[in-house]
Structure formats: structure tokens, C-alpha cells
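Please look over the model below before reading on. My notes follow as numbered points.

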Amino acid sequence: MAVQALAVRQFAGHKYVMALHTHQANPHVHVLVRAESDLGVRLNPRKADLHEWRMEFAAELRERGIAAAASRQAARGVVKNYLSIWQVKAKEEGRLRNHGPSHKDGQVARDTRADALRAWSGVAAVLAQSDKWEDRDLARQVLEFVINMPLERERGILAQRSVPQVERGLER
């Protein structure tokens, strides 16, 4: 399997396990890696490293004829924060005390999503100028995708959160 070959290269000396999920609409692979290698060397990946690994896994799969992508959440309009596995377990057991925000609404997240929307709009604009009907149809599909992105559906939530409480009439 392509993912296993890449895992052997990336995680040499580290114990790892992979799980392929095909029971959902979006087949995907989870890779769990032990941080400390057999020689005591620790992995300390940053977000950029994780994304690079995902891109390499997707490229390996595409080379073998399997459609795969490593898109970032912002490119898909994702605004939801997901609980860590320990938080899920704590919540199930009634031990989770601090609930973080359910949506990514910090300035960096808003800027990243705005960049993604500008990029999608640019793609649609270029496609719309094409002489080929297939390209113009794709431009329409891109715009439809942007309109239906979770970000667009939840823009009202984000806008409401960005308004100071005094402006919402909740001053105390």
C-alpha cells in the first residue's frame, strides 16, 4: 500500500499503525505514530510538517491511480473546532469541564478563510472567461461550492460573535 511505503520512509524506527475507513462517504486513512522511536528519537511535528506528510501521502496514492487530496480546512470552508479524543471521552463520561469555542473565529482563522474565498473567486473568474462551455460550467460549480461552504452557511454565527457585546445590547 502506498501509505505504508511512505510511512516506512517518514517514520523509520517509530512504531505506527494505520486504519483505513471506507464505511463513510469520504474514505480516509488514519495514521498513529509513537512519538519516541526505538532509539529514543522523538518526533515533534509542526502543523506544516503534518500538512506536508498529508500531501506526500496523497501524491503517493494518486501515483497509484487512487484519487486523493490533502486540502486544508480553510479551502473547504471548515469553521468547526473538533474535540480531541481525550475531550470526547471526558465528555462521554461527564468529566469535560471547559468547552472551547465550537467555531474557529480568531483573526488568523478569519484571514485564512478570506484568503481561501479570494482564491476560489479568482479560479471561478478565470474559468468564467473561457471560451469553453465546460470551463464556464465549472466556474458555476465553483461558485456553487463557495456558496454552500460551511463558512458561508455559518457566516452569521461568526459575524454575531465578532460584534462586541455592547453593540448587541448585552452591556451590563
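**Notes on the predicted model**

1. **Overall make-up.** The protein has 8 helices and 2 strands. Helices (H or I, at least four residues) and strands (E, at least two) are DSSP runs, numbered from the N terminus. From the N terminus on, the order of elements is α-β-β-α-α-α-α-α-α-α.

2. **Ground rules.** This is a predicted model, in which local features need pLDDT of at least 70 and side-chain atom pairs count only at pLDDT 80 or more, while totals for chains, interfaces and linings use all residues. Residues are numbered from 1 along each chain as its sequence is written, and side-chain values use heavy atoms, with hydrogens and water left out.

3. **Burial and surface.** Of the 172 residues in the protein, 21% are buried. Buried means under 20% relative accessible area, exposed means over 50%, and partly exposed lies in between (1.4 Å probe, protein chains only). The accessible surface of the protein is about 12,700 Å². Carbon and sulfur atoms hold 55% of that surface. Areas come from the Shrake-Rupley method with a 1.4 Å probe; for residues, only the protein chains shown count as cover.

4. **Contacts along the chain.** Take the contacts in the protein with a separation of 6 or more: 44% of them join residues 24 or more positions apart. Contact here means heavy atoms within 4.5 Å.

5. **The largest pocket.** How much space lies in the largest pocket? The figure is about 1,900 Å³. A pocket is found on a 1 Å grid over the protein atoms alone: it is an open set of points where a 1.4 Å probe fits, with protein on both sides within 12 Å along at least five of seven lines. Lining residues have an atom within 4 Å of a point. Grid points are joined across faces, edges and corners, and a volume is the space filled by probe spheres set on the points.

6. **Its lining.** The largest pocket is lined by 38 residues. R54, A70, S71, Q73 and R76 lie nearest its centre. Strand 2 (28-33), helix 2 (47-63), helix 3 (73-76) and helix 5 (107-128) each supply at least two lining residues. Helix 2 gives the most, with 8 residues. By type, the lining of the largest pocket has 23 nonpolar, 9 polar and 6 charged residues. The nonpolar class is Ala, Val, Leu, Ile, Met, Phe, Trp, Tyr, Cys and Pro; Asp, Glu, Lys and Arg are charged; the others, Gly among them, are polar.

7. **The second largest pocket.** This one has a volume of about 170 Å³. Its lining includes K80, N81, Y82, L83 and Q87. K91, H99, G100, P101 and S102 also line the second largest pocket. The lining divides into 3 nonpolar, 5 polar and 2 charged residues.

8. **D38.** Is D38 buried or exposed? D38 counts as exposed, because its relative accessibility is 59%. D38 sits in the loop between strand 2 and helix 2. G13 is 25 residues from D38 in sequence, and their C-alpha atoms are 5.6 Å apart. Neighbours within four places in sequence aside, D38 is in contact with G13 and K15.

9. **R97.** R97 lies in the loop between helix 4 (85-92) and helix 5. Its relative accessible area is 76%, so R97 is exposed. R97 and Q87 are 10 residues apart along the chain, with 9.5 Å between their C-alpha atoms.

10. **Salt bridges.** A salt bridge is a side-chain nitrogen of Lys or Arg within 4 Å of a carboxyl oxygen of Asp or Glu. The count by this rule is 6. One of them pairs R95 with E93, with the closest N and O atoms 2.6 Å apart. E93 is exposed, at 54% relative accessibility.

11. **Helix 6.** R140 forms a salt bridge with D137, and the closest N and O atoms are 2.8 Å apart. R140 and D137 are 3 residues apart in helix 6 (residues 133-148), so about one helical turn separates them. R140 counts as partly exposed at 45% relative accessibility, and D137 as partly exposed at 26%. E144 also forms a salt bridge with R140, where the closest N and O atoms are 3.2 Å apart. E144 and R140 lie 4 residues apart in helix 6, about one turn of the helix. E144 is partly exposed, at 42% relative accessibility. Shared partners join D137, R140 and E144 into one network of salt bridges.
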